[in-house]
Structures are given as structure tokens and as C-alpha cells.
Amino acid sequence: MKDEAGERDREVSSLNSKLLSLQLDIKNLHDVCKRQRKTLQDNQLCMEEAMNSSHDKKQAQALAFEESEVEFGSSKQCHLRQLQQLKKKLLVLQQELEFHTEELQTSYYSLRQYQSILEKQTSDLVLLHHHCKLKEDEVILYEEEMGNHNENTGEK
């Protein structure tokens with residue numbers, strides 16, 4: 001039972017580390033999205049400045065802006081898909097963790113029951129040992145009395 005509990009502890013620990021790894025991946029994806037959003041905002045500012053300077057620059061900047069929006073949009077969709085996949089994996093790992101935690105609790109309760117039974121049996125055994133010791137002492141006293149009685153009878 002202790003080996004099973006240890007095995008389950010290792011499984012729970014492994015699942016916890018996977019969970020933490022996935023959470024870190026999600027955080028990193030959020031950071032990438034934030035950086036890309038910042039880049040997009042910076043590009044928009046540059047575009048606005050360029051539009052004020054000349055019409056040709058304006059058209060070039062508009063084209064660059066559209067390209068960056070398209071790039072950002074596809075990148076964002078990719079990151080959202082990855083984020084959804086990571087969330088699904090996270091959910092599966094959380095469910096596994098809950099399942100193994102329940103199994104571990106069940107094993108723990110069974111172990112506690114066995115421990116209680118063992119403690120009761122140990123207590124009963126100590127009591128029986130004490131009772132046997134008393135009976136043994138009674139037999140020794142009886143044998144000594146019989147020996148004394150036989151000696152007294154032999155002298156008479």
C-alpha cells in the first residue's frame with residue numbers, strides 16, 4: 001500500500017509539473033501576443049506620421065500596415081489555436097490529477113483502516129500475552145504447592 005501511495009505521489013507530482021509547464025507556456029503565449037500588439041501599435045504610429053509627410057509614403061505605409069495586420073492576424077490565430085490546444089491539454093491533466101488524487105485518497109483511507117485493524121490486533125495480542133503470563137504464573141504456583149504437598153506427604 002505504501003508503494004502504491006508512493007507511486008501515486010510520484011504520478012501526482014509529475015502531473016503537477018506538467019500542469020505548471022503548460023501554465024508557463026500559456027503565459028509565454030500571452031506575452032508574445034502582448035509584444036505583437038505593441039508592435040502593431042508602434043506600426044500604426046509610424047504609419048500615421050508617414051501619412052502626414054507625403055501621399056506616396058502614405059500609400060507605402062498603408063500597404064505595410066495591411067501586411068502587418070495580415071501577418072498579425074494569422075499569427076494571432078495561430079497563437080489562439082495553440083492556446084486552445086494548451087487549455088485542452090491543461091483540462092485533461094487537471095482531470096487526470098483529480099482522478100489520481102481521488103485514487104490516492106481512497107488508498108489512504110484503506111491504509112488507515114488497515115492500520116486501525118492492526119493496532120487493535122496488536123492490543124488484543126498484548127492483552128492475550130498478559131493473560132497467558134498470568135496463567136503461567138498460576139501454573140507455577142500450583143506446581144510449587146503440589147511439590148510442597150508431596151514433600152509433606154512424603155515426610156509423614
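Buried means under 20% relative accessible area, exposed means over 50%, and partly exposed is anything in between, using a 1.4 Å probe and protein chains only. This is a predicted model, so local features need pLDDT of at least 70 and side-chain atom pairs count only at pLDDT 80 or more, while totals for chains, interfaces and linings use all residues. Residues are numbered from 1 along each chain as its sequence is written, and side-chain values use heavy atoms, with hydrogens and water left out.

View 1. Helices here are DSSP runs of H or I with at least four residues, strands are E runs of at least two, and both are numbered from the N terminus. Helix 1 covers residues 2-53, and helix 2 covers residues 55-155. Of the 156 residues in the chain, 16% are buried. Take the contacts (heavy atoms within 4.5 Å) with a separation of 6 or more: 83% of them join residues 24 or more positions apart. The accessible surface, worked out by the Shrake-Rupley method with a 1.4 Å probe and, for residues, with only the protein chains shown counting as cover, comes to about 12700 Å² for the chain. Carbon and sulfur atoms own 55% of that surface.

**View 2. Glutamate 103 and arginine 8 meet in a salt bridge.** For a salt bridge, a side-chain nitrogen of Lys or Arg has to sit within 4 Å of a carboxyl oxygen of Asp or Glu; here the N to O distance is 3.1 Å. This pair ties together distant parts of the chain, with glutamate 103 in helix 2 and arginine 8 in helix 1, 95 residues apart. Glutamate 103 counts as partly exposed because its relative accessibility is 24%. Arginine 8, at 18%, counts as buried. A search of the whole structure turns up 7 salt bridges.

**View 3. Serine 107 is a buried residue in helix 2.** Its relative accessible area is 12%, so serine 107 counts as buried. Leaving aside residues up to four places away in sequence, serine 107 touches Met1, Glu4 and Arg8.

**View 4. Glutamate 7 pairs with arginine 10 inside helix 1.** The closest N and O atoms of this salt bridge are 3.2 Å apart. The two residues are 3 apart in the chain, about one turn of the helix. Glutamate 7 is partly exposed at 37% relative accessibility, and arginine 10 is exposed at 52%.

**View 5. Lysine 120 and aspartate 124 form a salt bridge in helix 2.** The N to O distance is 3.1 Å. Because they are 4 residues apart in the helix, about one helical turn separates them. Lysine 120 is exposed at 53%, and aspartate 124 is partly exposed at 32%.

**View 6. Two patches show up on the surface.** Patch residues have over 30% relative accessible area and no salt bridge; like charges are joined within 9 Å, and nonpolar side chains (Val, Leu, Ile, Met, Phe, Trp, Tyr) within 5 Å. Glu66, Glu67, Glu69 and Glu71 make a patch of negative charge. For charges, Lys and Arg count as positive and Asp and Glu as negative, with His and the chain ends not counted, and each charge is placed at NZ of Lys, CZ of Arg, CG of Asp or CD of Glu. Glutamate 69 lies in helix 2 and is partly exposed at 37%. Tyrosine 114 is in helix 2.
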